[in-house]
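Subject: Structure handover

Hello,

Here is the structure to look through. Please open it first, then read the notes below.

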Amino acid sequence: MKRGRSASLSLSALREEAAGCRACHLWKDATQTVFGEGPKHAPIMLVGEQPGDKEDLAGKPFVGPAGQMLDRALEEAGIARNTVYVTNAVKHFKFMPRGKIRLHQKPNTPEIRACRPWYERELAAIKPALVVAMGATAAQSVFGKITPIGKNRGHLIDLDESTKALVTVHPSYLLRLPGEEARVREYENFVRDMKIAAALLHQLHRAA
Ligand code: URA
């Protein structure tokens with residue numbers, strides 16, 4: 001009880017502090033900081049790249065097309081989205097204006113590093129059993145170094161004594177794939193990775 005209350009206080013304090021973050025230049029063009037969201041002691045923390053156009057406007061992570069893809073895969077893996085904490089490696093939307101459209105730009109290493117303290121502080125507050133890094137930017141932030149997805153995906157990796165990590169692709173990758181066959185195959189692989197997270201969750205429940 002005491003642990004929960006202090007974590008929730010510190011999470012809301014973190015969110016407030018992050019709203020004024022000026023650690024890199026990305027705050028200048030973004031609408032707002034998009035901080036993580038979810039239960040204060042979620043057993044799973046999902047990390048994406050950065051908010052997209054919809055997330056930037058809503059101030060919430062993964063509410064656009066990539067979020068819908070993520071929700072579908074989580075559901076299929078047997079994980080309720082409202083039981084996981086969802087955040088991004090970079091908390092401001094990086095984009096290039098193109099007419100009325102804002103084109104997503106991949107965050108670079110200095111931007112990922114500048115934002116990493118927020119991820120570290122979210123991790124310390126939530127203390128999840130598992131961190132799922134979705135895509136290369138998330139993997140770089142979670143492991144503190146460039147971590148190839150192909151070589152590392154699909155198995156549990158020790159992050160520290162009490163936290164495991166799982167690397168998988170970013171849901172946006174699934175949306176960009178050309179061809180139905182590749183889309184179906186890669187979506188199934190993504191769900192298979194999420195099922196590894198679900199199995200760990202069941203194991204933890206059984207042990208509790
Ligand atoms: N892509 C991300 O990495 N995060 C979001 O919140 C939305 C899209």
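Does Leu 103 count as buried, partly exposed or exposed? At 34% relative accessibility, Leu 103 counts as partly exposed. Here, buried means under 20% relative accessible area, exposed means over 50%, and partly exposed lies in between, with a 1.4 Å probe and protein chains only.

This is a predicted model, in which local features need pLDDT of at least 70 and side-chain atom pairs count only at pLDDT 80 or more, while totals for chains, interfaces and linings use all residues. Residues are numbered from 1 along each chain as its sequence is written, and side-chain values use heavy atoms, with hydrogens and water left out.

The hairpin and its patch

Leu 103 is in strand β4, residues 101-104. Helices (H or I, at least four residues) and strands (E, at least two) are DSSP runs, numbered from the N terminus. Strand β4 runs antiparallel to β3, and four bridges join them; two strands pair if DSSP finds at least two bridges between them. The bridge partner of Leu 103 is Met 96. Two residues lie between the strands of this hairpin, and Gly 99 there has a positive phi near 60 degrees.

Leu 103 also belongs to a nonpolar surface patch with Met 96 and Ile 101, and together they have about 260 Å² of accessible area. Patches are made of residues with over 30% relative accessible area and no salt bridge; like charges are joined within 9 Å, and nonpolar side chains (Val, Leu, Ile, Met, Phe, Trp, Tyr) within 5 Å. The areas come from the Shrake-Rupley method with a 1.4 Å probe, and for residues only the protein chains shown count as cover.

In the loop between β2 and β3 (95-98) is Phe 93. Phe 93 is buried, at 2% relative accessible area.

Strand β1

Why is strand β1 (residues 44-48) described as largely enclosed by the rest of the structure? Five of its five residues are buried, so the description follows from that count. In a regular strand the side chains alternate between the two faces of the sheet. In β1, Ile 44, Leu 46 and Gly 48 are on one side, Met 45 and Val 47 are on the other, and all are buried.

Strand β1 has parallel neighbours. Four bridges join β1 to strand β5 (residues 130-134), where Val 131 is the bridge partner of Met 45. Four bridges also join β1 to strand β2 (residues 85-88), where Val 86 is the bridge partner of Leu 46.

Helix α4

Helix α4 (residues 109-126) has 18 residues and reaches 25 Å from its first C-alpha to its last, close to the 26 Å expected at 1.5 Å a residue. The expected span is 1.5 Å times one less than the number of residues. At Cys 115, α4 bends by about 40 degrees, and Pro 117 follows within four residues. That bend is the angle between axes fitted to the seven residues ending there and the seven starting there. The buried residues of α4 include Cys 115, Trp 118, Tyr 119 and Leu 123. After the helix comes Lys 127, with a positive phi near 50 degrees.

Salt bridges

How many salt bridges does the structure hold? It holds 14, a salt bridge being a side-chain nitrogen of Lys or Arg within 4 Å of a carboxyl oxygen of Asp or Glu.

One of them joins Lys 60 and Glu 37, at 3.0 Å from N to O. Lys 60 lies in the loop between α2 (53-58) and α3 (65-77) and Glu 37 in the loop between α1 (2-19) and β1, so the pair ties together parts that are 23 residues apart in sequence. Lys 60 is partly exposed at 38%, and Glu 37 is partly exposed at 26%.

Another salt bridge pairs Glu 180 with Arg 183, at 3.4 Å from N to O. These two are three residues apart in helix α8 (residues 180-207), and are separated by about one helical turn. Glu 180 is exposed at 53%, while Arg 183 is partly exposed at 32%.

Glu 186 forms a salt bridge with Arg 185, the closest N and O atoms being 3.6 Å apart. Salt bridges that share partners join Arg 153, Arg 185, Glu 186, Arg 192 and Asp 193 into one network.

Regards
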